[in-house]
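Please look over the sequence and the structure shown below, and then follow the explanation that comes after them, paragraph by paragraph.

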Amino acid sequence: MPNFAWHDGKKIHDFETSTFLGTNPIKFCDWEVITLFYSALHYVDSYLSNAFSIDFVANHDDRKRWVNSLLPQINRIYLVLYYLSRDSRYNLSIGAPELTKAKSCYAQIKQVLTPVICPKCGFKNLKNTGKCETCGTTL
Ligand SMILES: [Zn+2]
């Protein structure tokens, strides 16, 4: 099974792919949306592994259930990005408005799922609660 480190690498790789595709934004904005979604997916899997020791996510439906129950703060935007990615692959022609929406969802997901390093004790806080889990410093 892919582990935490693998997901950590893939989330960066997929974001870099999206950025690379963005150098020709009109032509590849559908694949920019798709690679943003897959980067977000690996942010989720990495977080589930690291914060909840969930190392096996079977498929998209399984992941959506975990996000709904354990990460309610990103549930809606994750689904928006999921459906934009599906539309990019199978249904619609994707343009600048959809890409802008996907970038906004992605930025919010990344912000919530990126660990916060405590400036006082250096602890890597996985859950963004506003306070350091170790020393209580307001983050
Ligand atoms: Zn601390």
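Ser53 counts as exposed in this predicted model, because 8 C-beta neighbours lie inside 10 Å of this residue, and a residue with 12 or fewer such neighbours is classed as exposed. Ser53 is found in the loop between α2 and α3, the latter spanning residues 60–70.

The protein has five helices and two strands, and, read from the N terminus on, its elements run α-α-α-α-α-β-β. Its radius of gyration is 16 Å, close to the 14 Å that the globule rule gives for 139 residues, so the protein is as compact as a globular protein of that length. Taken along the principal axes, the box filled by the C-alpha atoms is roughly 50 × 30 × 25 Å. Among the contacts in the protein with a separation of 6 or more, 51% are accounted for by residues 24 or more positions apart, while buried residues make up 29% of the 139 residues.

The helix α1, which covers residues 4–21, has 18 residues and reaches 26 Å from its first C-alpha to its last, close to the 26 Å expected at 1.5 Å a residue. Within α1, the residues His7, Lys11, Asp14 and Ser18 are buried. Seen down the axis of α1, its buried residues fall within an arc of 70°, so they line one face of the helix. An α-helix has 3.6 residues a turn, so residues three or four places apart point the same way. On the other side of α1, by contrast, Ala5 and Glu16 are exposed.

We can now turn to the nonpolar interior. In soluble globular proteins, nonpolar side chains tend to be buried together. The largest nonpolar core here holds 25 residues, of which Val33, Phe37, Ala40, Val44, Leu81, Ala102 and Ile109 touch the most other members. The elements that give two or more residues to this core are α2 (25–52), α4 (72–91) and α5 (96–113), and the largest share, eleven residues, comes from α2.

Terms used. Residues are numbered from 1 along each chain as its sequence is written. This is a predicted model: local features need pLDDT of at least 70, side-chain atom pairs count only at pLDDT 80 or more; totals for chains, interfaces and linings use all residues. Helices (H or I, at least four residues) and strands (E, at least two) are DSSP runs, numbered from the N terminus. The expected span of a helix is 1.5 Å times one less than its number of residues. A residue is buried if 20 or more other C-beta atoms lie within 10 Å of its own, exposed if 12 or fewer, and partly exposed in between; C-beta atoms are placed from the backbone. The arc is that of the directions from the helix axis to the C-beta atoms. A nonpolar core is a set of buried Ala, Val, Leu, Ile, Met, Phe, Trp, Tyr and Cys residues joined through C-beta atoms within 7 Å. The radius of gyration is taken over C-alpha atoms; the globule rule is 2.2 Å times the number of residues to the power 0.38. Two residues are in contact if their C-beta atoms, placed from the backbone, lie within 7 Å.
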